Amino acid sequence: MTTTPDLSAFPITRKWPAAHPDRLQLYSLPTPNGVKASIMLEECGLPYEVHRVDFGANDQTSPEFLSLNPNNKIPAILDPNGPDGQPLALFESGAILVYLADKTGQFMPKDAAGRYHALQWLMFQMGGIGPMFGQLGFFHKFAGKDYEDKRPRDRYVAESKRLLGVLDKHLAGKDWVLGSDYSIADIAIFPWVRNLVGFYEARELVGFGDFAQVQRVLDAFVARPAVARGLNIPPAPAK
């Protein structure tokens, strides 16, 4: 006989009650960082329940959300079946990817050297692509676009182009970032590339046409059925 996990000790469940407390709980939005978690969950086939964190309502600064992620960012997860059978609350998209890869034995190389290669490209995204592309988006599409001084924007454009060049050179002759095997490195990197040329509307600004290898792998990434599903999780609320 199995017992239903008791998640009542976690304040986040008071604001977002778990209809299925035996499933992994995902608190997120379909942003480049948010979809890393949903794509990974879809790829792994783990049962999960998704909860929309409404930034318009400042859900991310609510006491309940901060009890799980004091950094008030998405995504975050609560796994009722964590290590040693105990619930695990976790934030930071990179940490979530590593955790889910270890939990399921998927999308992470089994050998030590391969694992560290995956981690280095995950860090490349976390420390470079994410922050630089995000700042470019601010200065190109959002409030920063109205600044008369274009030097901040141009700095992030130049660094984004440099990072794309690093990635493009690395991908030559490879199916995916790690070679023939799809991994968490791809799940981390390509939502940000997609966002840069799509939502941020920076394709021409960064000269994306010069990065044919990045475009090739991006196309392969978005063609994956699990990616297509994960990119729209959680779905937009009904109007």
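Tutor: Helices here are DSSP runs of H or I with at least four residues, and strands are runs of E with at least two, both numbered from the N terminus. The model is predicted, so local features need pLDDT of at least 70 and side-chain atom pairs pLDDT 80 or more, while totals for chains, interfaces and linings use all residues. Residues are numbered from 1 along each chain as its sequence is written, and side-chain values use heavy atoms, without hydrogens and water.

Student: Where does proline 75 lie?

Tutor: The peptide bond leading from isoleucine 74 into proline 75 is cis, with omega near 0°. Most peptide bonds are trans. Helix H3 covers 63–68 and strand S3 covers 76–79, and proline 75 lies in the loop between H3 and S3.

Student: What is phi of asparagine 72 near?

Tutor: Asparagine 72 is placed in the loop between H3 and S3. Most residues other than glycine have a negative phi. Asparagine 72 is not glycine, yet its phi is positive, near 45°.

Student: What is omega near for the peptide bond from isoleucine 233 to proline 234?

Tutor: Proline 234 belongs to the segment after helix H9 (225–230). The bond from isoleucine 233 to proline 234 is cis, and its omega is near -5°.

Student: How is H5 oriented relative to H7?

Tutor: Axes are lines fitted to C-alpha atoms, for helices over the stretch in contact, with angles from 0 to 180 degrees between N-to-C directions. The axes of H5 (residues 112–140) and H7 (residues 184–197) come within 9 Å and cross at roughly 15°. Angles under 35 degrees count as roughly parallel, over 145 as roughly antiparallel, 65 to 115 as roughly perpendicular and the rest as oblique. H5 is therefore, relative to H7, roughly parallel.

Student: How many nonpolar residues are in the contact of H5 with H7?

Tutor: Contact means heavy atoms within 4.5 Å. Residues of H5 including Trp121, Phe124 and Phe133 meet residues of H7, among them Ile189 and Trp192. Nonpolar means Ala, Val, Leu, Ile, Met, Phe, Trp, Tyr, Cys and Pro; Asp, Glu, Lys and Arg are charged, and the others, Gly among them, polar. The contact of H5 with H7 has 3 polar residues and no charged ones, and its nonpolar count is 14.

Student: How are H7 and H8 oriented to each other?

Tutor: The axes of H7 and H8 (residues 212–222) come within 10 Å and cross at roughly 105°. H7 and H8 are therefore, to each other, roughly perpendicular.

Student: How many charged residues are in the contact of H7 with H8?

Tutor: On the H7 side the contact includes Asp186, Phe190 and Arg194, and H8 gives Val214, Val217, Leu218, Phe221 and Val222. The contact of H7 with H8 has 10 nonpolar residues and no polar ones, and its charged count is 2.
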